[in-house]
Amino acid sequence: MIKIYRYDITTKEFIQELEINEAYGTNLPFTTTVKPLAKKEGFAVCFNGTKWELVEDNRNKTIYVKDTKEELKIDYLGKIKDEHTLLVPKQFDKWDEISKNWIEDIELKKEYEKSLIPKTITLRQARLYLLSIGLLDDLENIINQNRAYQIEWEYANQIERESPLVKILGQTLNLDDTAIDNMFMEASKI
């Protein structure tokens, strides 16, 4: 009896050890008489045509595509491809090739935060919110000095974040864009 070692047709990975009668020969497909290396954690034992070698095995690990942050499972033997990483990205991260790490994309985060600000709120929401922070009377005093503002304040169903009225009232009340954005966010919850 002689021992032969079978390996996978595709991955060349060691499958099993067989004992066969020497009289039948050892020339079976995808087998060798060369004894495989001992198994090692994180590696597959593969036959390269002449000898066994340890090949990095990351199969079924979760990886991320550096360009898109797409989550994938590794389905191949060998080192992790250069375009992938095991590091988990956060929502606003982008891959930095210099540090070999995810870094927060400040501009992307700002764009996202800006997208959360309501583009419009109802006049009811605006009035109730301004009343709750003590600015309703001040605002109405300013509005009463301009007939066009009065009409808009009394008859509009909603107020737009980017309207000239909001910009002028913000300037008059010394409110910067961040303060106005926050007011729209809070008023939209009413």
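**View A. L18 touches I2, K3, I4 and R6 once its neighbours within four places in sequence are left aside.** Contact here means heavy atoms within 4.5 Å. Everything shown comes from a predicted model, in which local features need pLDDT of at least 70, side-chain atom pairs count only at pLDDT 80 or more, and totals for chains, interfaces and linings use all residues. Residues are numbered from 1 along each chain as its sequence is written, and side-chain values use heavy atoms, with hydrogens and water left out. L18 sits in strand β2, and strands (E, at least two residues) and helices (H or I, at least four) are DSSP runs numbered from the N terminus. Across from L18 in β2 you will find I4. I2 and L18 are 16 residues apart along the chain, and their C-alpha atoms are separated by 8.2 Å. With 25% relative accessibility, L18 counts as partly exposed; that class lies between buried (under 20% relative accessible area) and exposed (over 50%), using a 1.4 Å probe and protein chains only.

**View B. An open sheet of three strands has the order β2-β1-β3, with antiparallel pairing.** The edges belong to β2 (14–20) and β3 (31–32), each of which has a single partner strand, so one side of each is left without a neighbour in the sheet. Two strands count as paired if DSSP finds at least two bridges between them. By that rule, β1 and β2 run antiparallel and are joined by six bridges. Strand β1 (residues 2–7) also pairs with β3 in the antiparallel sense, over two bridges.

**View C. Positive phi angles occur at K12, F30 and K69.** As background, most residues other than glycine have a negative phi. K12 belongs to the hairpin of β1 and β2, which has six residues between the strands, and its phi is near 65°. F30, in the loop between β2 and β3, has a phi near 60°. At 35% relative accessibility, F30 counts as partly exposed. K69 is found in the loop between β6 (62–65) and β7 (71–73); it is not a glycine, yet its phi is about 65°. K69 is also partly exposed, with a relative accessible area of 24%.

**View D. Stepping back, the protein chain contains six helices and twelve strands.** Its radius of gyration is 34 Å, well over the 16 Å that the globule rule gives for 190 residues, so the chain is more spread out than a compact globule. The radius is taken over C-alpha atoms, and the globule rule is 2.2 Å times the number of residues to the power 0.38. Along the principal axes, the C-alpha atoms fill a box of roughly 110 × 30 × 25 Å. Of contacts between residues at least 6 apart in sequence, 37% join residues at least 24 apart.

View E. Buried residues make up 31% of the 190 in the chain. There are 27 positive and 34 negative side chains, and the centres of the two sets lie 5 Å apart. Lys and Arg count as positive and Asp and Glu as negative, while His and the chain ends are not counted; each charge is placed at NZ of Lys, CZ of Arg, CG of Asp or CD of Glu.
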